[in-house]
Amino acid sequence: MPKTSHRIHLTESEENALSARGYELSTKLGEGAYAKVYVSVYKRSAETLKLACKIIDERKTTKSYVGKFLPRELDCLMKLKHPHIVHVHSIFRRNFKYFIFMRYAENGDLMDFIVQFGALTEVQARFWARQISLAVQYLHTLGITHRDIKCENVLITNNNNVKLTDFGFSRYILDANSKEVLSETYCGSLLYTAPEVLRGIPYEPTKADIWALGVLIFTMLNKCVPFDNSNVTILYQHQIKRRYKFRERVCGSVSIEVKKLIRNLLEPIPKRRLNIHEVVDNPWYEMDPRFAKLSDSEAAALEEARKTDMRAMKSNVIEGDMNDALGEIEKDIELNTDEVSEKLAEVNAEEKPKKPSASKE
């Protein structure tokens with residue numbers, strides 16, 4: 001491995017196990033609260049791929065993360081297949097560490113792009129916003145909510161398409177009767193968080209995703225978030241009073257359609273906020289004739305999501321899907337299918353939503 005200040009520290013057994021499968025890790029791309037991401041190369045016979053590897057060390061996380069969020073993330077990653085969601089190449093476990101290999105995004109993430117090049121043109125923002133919206137539509141159709149949509153979790157590929165990533169806070173949202181259940185967990189990034197989440201009441205997680213999507217689209221066009229305050233009380237008041245403004249040089253150049261869309265996404269009352277299907281069919285997207293219909297891969301993914309029985313998928317990790325995700329790997333680093341299923345079942349059983357408190361909305 002190359003010697004660099006960002007070199008990953010692996011035990012000899014970890015290096016041997018990964019090397020035997022054709023993986024080599026090098027420099028660090030970034031890190032979050034519970035994971036670090038490294039550049040990786042996969043070499044197998046004539047195939048050579050550049051990948052990103054997300055490493056999660058159970059010993060450096062919390063019990064809540066290991067017991068609740070990690071099983072959900074792994075379970076979701078092994079099932080998702082959409083052109084605008086990052087593709088997972090394989091998932092390994094070795095002792096206390098999980099190695100998640102996924103598609104490498106050559107052009108970094110959306111926030112880095114905005115910082116480097118400034119606000120996007122409306123044409124470019126519409127193109128990427130539609131791809132993200134279709135990814136969210138796929139998730140919501142499957143009965144999954146992301147709960148951490150933000151610019152940093154949107155990756156840009158070499159051919160300038162975007163892919164939604166990081167499912168560390170994702171969860172299933174449907175009960176046995178296919179009805180959406182409320183969420184009680186505060187998660188995600190403060191400046192993308194919906195007002196009902198800030199209030200600390202049980203909330204519809206899909207509507208919280210829609211709010212975050214509104215923040216993301218506004219940020220692409222303005223190079224700033226609509227509500228920017230670290231004081232939660234002040235932030236909430238600004239959200240409720242819709243105290244956001246387009247930058248002066250932007251306000252006169254963007255269409256009335258995108259302003260209306262953002263206003264409907266940043267609707268402080270959840271029941272009045274758009275759902276994802278209304279977002280995808282919004283007139284703003286229809287302004288571009290390229291979006292008159294879905295691509296073949298987009299249409300196929302959505303149709304598959306509509307046919308999927310998530311109640312069955314939620315209770316049991318399908319062995320065939322797991323094998324596809326893992327590939328043929330040694331038993332000592334194989335992700336235990338039963339363990340993921342059991343942990344996920346425990347989490348779902350423990351999380352029985354409470355009724356919302358009285359609201360003045």
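Lys307 is exposed, with a relative accessible area of 57%, whereas Glu304, at 47%, counts as partly exposed. Here buried means under 20% relative accessible area, exposed over 50%, and partly exposed in between, with a 1.4 Å probe and protein chains only.

Side chains of opposite charge can pair when their charged atoms come close. By the rule used here, the count comes to 13 salt bridges. One of them joins Lys79 to Asp75, with 2.5 Å between the closest N and O atoms, and both Lys79 and Asp75 are buried. A further salt bridge is formed by the side chains of Arg290 and Asp288, at 2.7 Å from N to O; Asp288 counts as buried because its relative accessibility is 9%.

Five strands form an open sheet in the order S1-S2-S3-S5-S4, with antiparallel pairing, two strands being paired if DSSP finds at least two bridges between them. The edges of the sheet are strand S1 (23-31) and strand S4 (88-94), each of which pairs on one side only. Neighbouring strands of this sheet are turned by 25° against each other on average, direction ignored; the axes are lines fitted to C-alpha atoms, for helices over the stretch in contact, and angles run from 0 to 180 degrees between N-to-C directions. Strand S1 runs antiparallel to strand S2 (residues 36-44), and six bridges join the two; the bridge partner of Glu24 in S2 is Val41.

His140 is placed in helix H4 (residues 122-142) and is buried, with a relative accessible area of 13%. Residues up to four places away in sequence not being counted, His140 touches Thr145, Thr206, Asp209 and Ile276, contact meaning heavy atoms within 4.5 Å.

Residues are numbered from 1 along each chain as its sequence is written, and side-chain values use heavy atoms, with hydrogens and water left out. Because the model is predicted, local features need pLDDT of at least 70 and side-chain atom pairs count only at pLDDT 80 or more, while totals for chains, interfaces and linings use all residues.

Notes. Helix = DSSP H or I, 4+ residues; strand = E, 2+ residues; numbered from the N terminus. Salt bridge = Lys/Arg side-chain N within 4 Å of Asp/Glu carboxyl O.
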